[in-house]
Amino acid sequence: MSDKGFEGSDKMGVEYVSEVKGMADFIVRQAHRGPGDTVDAAMHRAERMFGAPAAWLHRLRYREVKDLPTSAFFAIVQAYRAACEASEKAYAVERDLADARNSKVLWLADLVAGPQVGQPERQSREGG
């Protein structure tokens with residue numbers, strides 16, 4: 001009897017594929033520049049920016065993938081982390097700009113959600 005089916009495999013199962021598919025969509029959305037930009041161009045830009053293989057981003061978006069090589073899985077997870085860090089940095093920059101403008105929207109967000117970790121508490125506004 002052959003034990004060929006029990007050999008170690010470098011493929012990931014269906015549950016990992018569905019999770020990576022969501023990560024790949026997030027990565028492509030981060031790289032997409034808006035109207036006039038193509039998804040294919042965003043995939044190649046994501047490969048340059050975050051290191052996610054464009055071929056696997058394309059496969060995950062347009063094909064039914066049942067298994068995934070571990071190397072592609074970890075490359076996409078690492079790219080997802082890089083995209084999340086870039087997104088958080090962009091948010092921090094915009095938040096600092098809004099704070100410098102004394103934004104009422106930022107004040108309201110802090111009032112409703114509380115200040116972010118590491119952010120000083122803002123004083124209540126007087127007269128407006």
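User: What does I76 touch, leaving out residues up to four places away in sequence?

Analyst: I76 touches V20, M23, A24, I27, P53, W56 and L60, where contact means heavy atoms within 4.5 Å. A word on the basis: this is a predicted model, in which local features need pLDDT of at least 70, side-chain atom pairs count only at pLDDT 80 or more, and totals for chains, interfaces and linings use all residues. Residues are numbered from 1 along each chain as its sequence is written, and side-chain values use heavy atoms, with hydrogens and water left out.

User: Which residues touch the most other members of the largest nonpolar core?

Analyst: I27, L57, L60, L68 and I76 do, in a core of 25 residues. A nonpolar core is a set of buried Ala, Val, Leu, Ile, Met, Phe, Trp, Tyr and Cys residues joined through side-chain atoms within 4.5 Å. Helix 1, helix 2, helix 3 and helix 4 each supply at least two of its residues, and the largest share, eight residues, comes from helix 1. Helices (H or I, at least four residues) and strands (E, at least two) are DSSP runs, numbered from the N terminus.

User: Why is the pair of F26 and Y80 called edge-to-face?

Analyst: Rings of Phe, Tyr and Trp (its six-membered ring) pair if their centres lie within 6.5 Å; planes under 30 degrees apart count as stacked, over 60 as edge-to-face and the rest as tilted. The centres of F26 and Y80 are 5.4 Å apart and their planes stand at 65°, so the pair is edge-to-face. F26 lies in helix 1 and Y80 in helix 4, so the pair ties together parts 54 residues apart in sequence.

User: What makes Y80 partly exposed?

Analyst: Buried means under 20% relative accessible area, exposed over 50%, and partly exposed in between (1.4 Å probe, protein chains only). Y80 has 29% relative accessibility, so Y80 counts as partly exposed.

User: How do you know that R59 lies over the face of W56?

Analyst: A charge sits over a ring if NZ of Lys or CZ of Arg is within 6 Å of the ring centre and within 35 degrees of the ring normal. R59 is at 4.6 Å from the ring centre of W56 and lies over its face.
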